[in-house]
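User: Please take a close look at the sheet in this model. How are its strands arranged, and what packs on it?

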Amino acid sequence: MRYQAFQAQVDMMAPARLAAELAEATLSLGPPWLREFPAVRHLSAGWEMLARAGLTHSRPDYGLTTVRMAGDEVPVREEVVVGTAFGDLVRFRKEGDPEQPRVLLVAPLSGHFATLLRGTVETLLPDNDVYITDWRNARDAPLAAGPFGFDEYVAHVIAFMEKIGPGAHLIGVCQPCAHALAAVAIMAEDDHPCTPVSMTLMAGPVDTRVNPTKVNDLAVSRSIDWFERELITTVPARYPGAGRRVYPGFVQLTAFILMNLGRHIDSHVDLYTHLATGRTDDAQTTKIFYDEYFAVLDLTAEFYLETVSRVFQDHLLPRGELVWSNRRVDPGAIRRTALFTVEGERDDICSVGQTVAAHALCANIFANRKRHHLQPGVVHYGVFNGRKWQTQIYPLVRNLILATN
């Protein structure tokens, strides 16, 4: 009943949010001088805050319609190359199809849409032909589509690499680094022609036994039965995936918020202040972030539980015991794929040492084709988004891609 209770609360709040939205819209039709009164500004700010007080289960737009190349604005359009009930391979196709390195960006499936990597894509676009794993909301996948667990995620990565073709590169971001590494290991062992020529793993939990974080401690503090009993629920009848067992995105978001509750409260207090004092640019920056942050998607129960058990509890990959489709995953099979790992010094979700562990597992990659970078001063999100990603981390990624292309 957990999902039904959440939906009931959303439905009850909907009229109040709509009324606040209409009141704000009506006020905007009035004379501009009216909004200069402090009391009116505060009233308007309150209405807007109320109108925004909710979550969405719809994927936001990437909003990447052009890219600057050689001083010119080149049109870009999103193209679904191949799709399944659980995710699409999306290409950001540039006008004229310039010859550039092809890169698959493997996005997290952890309660947010792949659009959370918009800034990552934007930075990659000028130099690369960028593809992304655009995961769908599990509550929209009908039961007839079957299960989607750890093995299916890895299978999707392999299928997407096949679709992109030989000579491409792979970048795994955050949660799916273990899944991406497993996919490359399977492809390498099969001598698959579409095995990526380079693999970049960024802030991902390859071995969570190293410097455990609060997230890791939580994962091992409870049994997998507890996670299933307390966190898994059923999609209500009103959605295409009715009856599917899921780990709801709103539960994951709640966990993320509680990890940094004070910071989120301060951000919303600041947002109200910015709106009430007319600091629209500052307010817009915060609104853009939370529009993305409050767009949530549900995970299938099997993917969530298998990832918790295999990656965070049993550490199967670093122990050499991970099995995919009845095959043992052997990172030692990777020989010709260059490896680059990136970690953030202040990352409190995936701590220092958890991603670089991939180097020891990939023991048969020559040392001159391995590199690790520890970025000073960044938290988890800063590894793949923001100024330091753009100016200090991405140039290293670009160099690896160019050197192996």
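Analyst: Two strands pair if DSSP finds at least two bridges between them; strands (E, at least two residues) and helices (H or I, at least four residues) are DSSP runs, numbered from the N terminus. The model is predicted, so local features need pLDDT of at least 70 and side-chain atom pairs count only at pLDDT 80 or more, while totals for chains, interfaces and linings use all residues. Residues are numbered from 1 along each chain as its sequence is written, and side-chain values use heavy atoms, with hydrogens and water left out.

One of the pairings is that of strand β4 (residues 102-106) with strand β6 (residues 169-173), which lie parallel and are joined by four bridges. Within it, isoleucine 171 of β6 is the residue opposite leucine 105.

These strands belong to an open sheet of nine, ordered β1-β2-β3-β5-β4-β6-β7-β13-β14, in which the pairing is mixed.

Helix α5 (residues 177-189) touches β6 and β7, and its direction makes about 165° with that of β7; contact here means heavy atoms within 4.5 Å. Helix α13 (residues 387-404) touches β4, β6, β7, β13 and β14, with its direction at about 160° to that of β7.

On one flank, β13 runs parallel to strand β7 (residues 198-202), joined by five bridges; phenylalanine 340 of β13 is the bridge partner of threonine 200. Strand β13 also runs parallel to strand β14 (residues 370-375), here with six bridges, and histidine 372 of β14 is the bridge partner of threonine 341. Seven of the seven residues of β13 are buried, which leaves the strand mostly covered (buried means under 20% relative accessible area, exposed over 50% and partly exposed in between, with a 1.4 Å probe and protein chains only). Ala338, Phe340, Val342 and Gly344 point one way from β13, whereas Leu339, Thr341 and Glu343 point the other way; all of them are buried.

Conventions
Axes are lines fitted to C-alpha atoms, for helices over the stretch in contact, and angles run from 0 to 180 degrees between N-to-C directions.
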